[in-house]
Amino acid sequence: MAFVDMPLDRLREYAPPREEPDGFDEFWRSTLADARTRPAELTGERVETGLRTVDVHDVRFPGFAGQPIAGWLLVPRGTREPTPAVVQYIGYGGGRGEPWINLVPSAAGYVHLVMDSRGQGGGGQHRAVTPDLDVDGTGPSTPGFLTRGVEAPEKHYLRRLVTDAVRAVDAVRTHPLVDPARVAVIGGSQGGGLALAVAGLADDLAGVVADVPFLCHYRRASEITDAQPYAEIARYLSGDRERVEQVFRTLSHFDGVNFAARAGAPAWFTTGLMDATCPPSTVFAAHHHYAGPKQIEVYPYNGHEGGGTQGVARTLAALAECLGTAVPAPRAG
């Protein structure tokens, strides 16, 4: 492992111009307006897991185009009144997994919705059950998701996934045991990128925790790292040489830097200076453009694991601060 990007003093000043396409706001306004023609709701049933302190519900909610998206809803046992909620998004290639692998928020007293990632989670502990129902069809792509539908933003996979993520917040707010004014979003890697997207698109979030976020500053990422998943972009363009600008125009509709510029909720970022998967300059770009209150924790000798299990304490402190459960705020990075 080695430092993979700029020195930290330069990173703290790195605020590149945003690559924002014309019509960005209208693209997302119309996309979400269409999705919201279906009522937001969580449906499902309680499942027996052997857990004694949390009730687990296997739920569905309407995502992009009303398609059913799976999730786990974990409710601290004995909850009787509206409670702060946490919506969690999963890293690249993963799904909701089994309900007992994500117990920290519910153990801390929050209602916790873990969103499945459509079409991902083909193996390992983070398996998924939600198919990606590609309603329009897409052209050729490299293996993975970054170039799936890259010929047009309307067809791109991330349009569907980001819409699902926003609708997860809409849905959890309808639950009778959730205080709709106190909902936070969290995630790491792809999950962190989705949290930033939701921060820019959903109203009145209480807080955002974006650990080592993916889906930010695509052009630079593709130029400075050959690690997956950003390498998918370079692999695609190595064959479709004439499509560079068109590809980055499509991806700019899903860039965390552009979502960050529209976000207002308090946000906590993390980055590792040895992270070749999501290089720190891509994270700092989103952090610097983030329009709301923000702080960033830097882990100099860590890669994409960021703060690892030690970072959980910081996440819990951030949630306590933004959801009003009286734990000291995390230290600024």
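The structure is a predicted model, in which local features need pLDDT of at least 70 and side-chain atom pairs count only at pLDDT 80 or more, whereas totals for chains, interfaces and linings use all residues. Residues are numbered from 1 along each chain as its sequence is written, and side-chain values use heavy atoms, with hydrogens and water left out.

The average pLDDT (the predictor's confidence in each residue, from 0 to 100) is 94 for the protein, and 95% of the residues score at least 70. Over residues 327–333, pLDDT stays under 50. For this stretch the model has 20 contacts (heavy atoms within 4.5 Å) beyond four places in sequence. Where pLDDT is low, the predicted coordinates should not be read in detail.

Helices (H or I, at least four residues) and strands (E, at least two) are DSSP runs, numbered from the N terminus. An open sheet of mixed pairing is formed by nine strands in the order 1-2-3-5-4-6-7-8-9; two strands pair if DSSP finds at least two bridges between them. Strand 4 (residues 83–89) and strand 5 (residues 111–115) run parallel and are joined by four bridges; Q88 has V114 in strand 5 as its bridge partner. Helix 5 (residues 190–201) lies across strand 4, strand 5, strand 6 (178–188), strand 7 (207–211) and strand 8 (267–272), and runs at about 140° to strand 6. For such angles, axes are lines fitted to C-alpha atoms, for helices over the stretch in contact, and values run from 0 to 180 degrees between N-to-C directions.

The loop between strand 2 (54–62) and strand 3 (68–76) contains A65. This residue is partly exposed, at 25% relative accessibility; buried means under 20% relative accessible area, exposed over 50%, and partly exposed in between (1.4 Å probe, protein chains only). Residues up to four places away in sequence not being counted, A65 touches D34 and R38. Between A65 and V185, 120 residues apart in sequence, the C-alpha to C-alpha distance is 22 Å.

A salt bridge is defined as a side-chain nitrogen of Lys or Arg within 4 Å of a carboxyl oxygen of Asp or Glu, and the count by this rule is 21. In the pair D25 and R262, the closest N and O atoms are 2.6 Å apart. This pair links distant parts of the chain, with D25 in helix 2 (residues 24–35) and R262, 237 residues apart from it, in the loop between helix 9 (256–260) and strand 8. Both residues are partly exposed, D25 at 46% and R262 at 26% relative accessible area. R18, E20, D25 and R262 are linked in a network of salt bridges.

A further salt bridge joins D58 and R96 (2.8 Å, N to O). D58 lies in strand 2 and R96 in the loop between strand 4 and helix 3 (104–107), so parts 38 residues apart in sequence are tied together. D58 is partly exposed at 21%, whereas R96 is buried at 6%. R160 and D132 also meet through their side chains in a salt bridge (2.8 Å, N to O). R160 belongs to helix 4 (residues 157–172) and D132 to the loop between strand 5 and helix 4, 28 residues apart. R160 is buried at 3% relative accessibility, and D132 is buried at 18%.
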